[in-house]
Amino acid sequence: MLDRPQRFPDTPMRAGLVSIAGGLAMTLLAAGAQAHDHDAHQRASSPGSHASPVSVPLDAAARATLQRHRVNAGADGGARHCDGVSLAALLQASGAMPDTPLRGASLDRYVLVSTRDGDRVVFSLGELDATLGERAVYLVDRCDDTPIADDVGPLRLLVPDDGRPARSVRRVDAITVVAAP
């Protein structure tokens with residue numbers, strides 16, 4: 001014969017403990033659901049955070065007021081001297097990246113650069129921040145003192161400090177800043 005488990009008598013203390021445990025469990029479940037709420041993460045309201053994704057304008061007017069840089073690039077089998085704007089400055093001017101040191105919600109964001117050829121390359125915002133990664137990345141529209149031809153441009157991304165030019169892509173047609181899921 002099996003023994004029946006002993007039951008504790010219903011007492012006010014037991015009822016209170018059950019009530020506290022139930023309340024704690026509900027609070028933890030709610031906090032867990034809120035911590036993993038992707039939409040809430042996308043709407044973060046801390047300084048420097050933005051809705052996601054953020055499309056960065058690439059037209060000449062968006063780049064016109066930014067400081068231009070001369071960049072030496074070994075693209076397409078030869079040395080070229082290109083002119084363009086810093087990607088970080090373009091992101092800051094468009095409001096897609098804070099112009100103050102990154103912290104908090106801004107550190108989970110990345111920059112997706114897409115091309116008309118279907119290529120895509122990615123940079124973290126932290127990689128581009130002057131106080132963190134300080135990666136020099138340029139969006140150029142002129143090489144060897146002439147506008148980049150439409151068949152390979154009109155915009156190119158150059159990353160001179162990369163070990164090989166895999167992220168230096170041509171025919172850039174979109175730049176988007178996205179919060180990581």
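Cys82 has Cys143 in strand E6 as its bridge partner. The model is a predicted one, in which local features need pLDDT of at least 70 and side-chain atom pairs count only at pLDDT 80 or more, whereas totals for chains, interfaces and linings use all residues. Residues are numbered from 1 along each chain as its sequence is written, and side-chain values use heavy atoms, with hydrogens and water left out.

Strand E3 (residues 80-86) and E6 run antiparallel and are joined by five bridges; two strands are taken to pair if DSSP finds at least two bridges between them. E6 is also joined to E8, again in the antiparallel sense, by three bridges, and here Tyr138 stands opposite Leu158 in E8. With strand E7 (residues 146-147), E6 forms an antiparallel pair over two bridges, in which Arg142 stands opposite Pro147. E6 and E7 make up a hairpin with two residues between them, and Asp144 in the turn has a positive phi of about 55 degrees. In a regular strand, side chains alternate between the two faces of the sheet. Of the six residues of E6, five are buried, and the strand is thus mostly covered. Buried here means under 20% relative accessible area, exposed means over 50%, and partly exposed lies in between, with a 1.4 Å probe and protein chains only.

In one of them, Asp141 is joined to Arg68, with the closest N and O atoms 2.6 Å apart. Because Asp141 lies in strand E6 (residues 138-143) and Arg68 in strand E2 (residues 68-73), the pair ties together parts that are 73 residues apart in sequence. Asp141 is buried, at a relative accessible area of 16%, whereas Arg68 is partly exposed at 39% relative accessibility.

Where in the chain does Glu127 lie? Glu127 is found in helix H5, and its salt bridge with Arg167 brings the closest N and O atoms to 3.0 Å apart. This pair links distant parts of the chain, with Glu127 in H5 (residues 125-128) and Arg167 in the loop between strand E8 (156-158) and strand E9 (172-179), 40 residues apart. Glu127 is buried, with a relative accessible area of 18%, and Arg167 likewise counts as buried at 18% relative accessibility. Leaving aside residues up to four places away in sequence, Glu127 touches Gly133, Glu134, Arg135 and Arg167, where a contact means heavy atoms within 4.5 Å.

A further salt bridge joins Asp162 to Arg135, with the closest N and O atoms 3.4 Å apart. Asp162 belongs to the loop between E8 and E9 and Arg135 to the loop between H5 and E6, so that distant parts of the chain, 27 residues apart, are linked. Asp162 counts as buried at 16% relative accessibility, while Arg135 is partly exposed at 27%. Glu127, Arg135, Asp162 and Arg167 are linked in a network of salt bridges.

Finally, the chain may be viewed as a whole. It contains five helices and nine strands, and from the N terminus on, the elements run α-α-β-α-β-β-α-β-β-α-β-β-β-β. Of the 181 residues in the chain, 36% are buried. Among contacts with a separation of 6 or more, 61% are between residues 24 or more positions apart.

Methods
A salt bridge is a side-chain nitrogen of Lys or Arg within 4 Å of a carboxyl oxygen of Asp or Glu. Helices (H or I, at least four residues) and strands (E, at least two) are DSSP runs, numbered from the N terminus.
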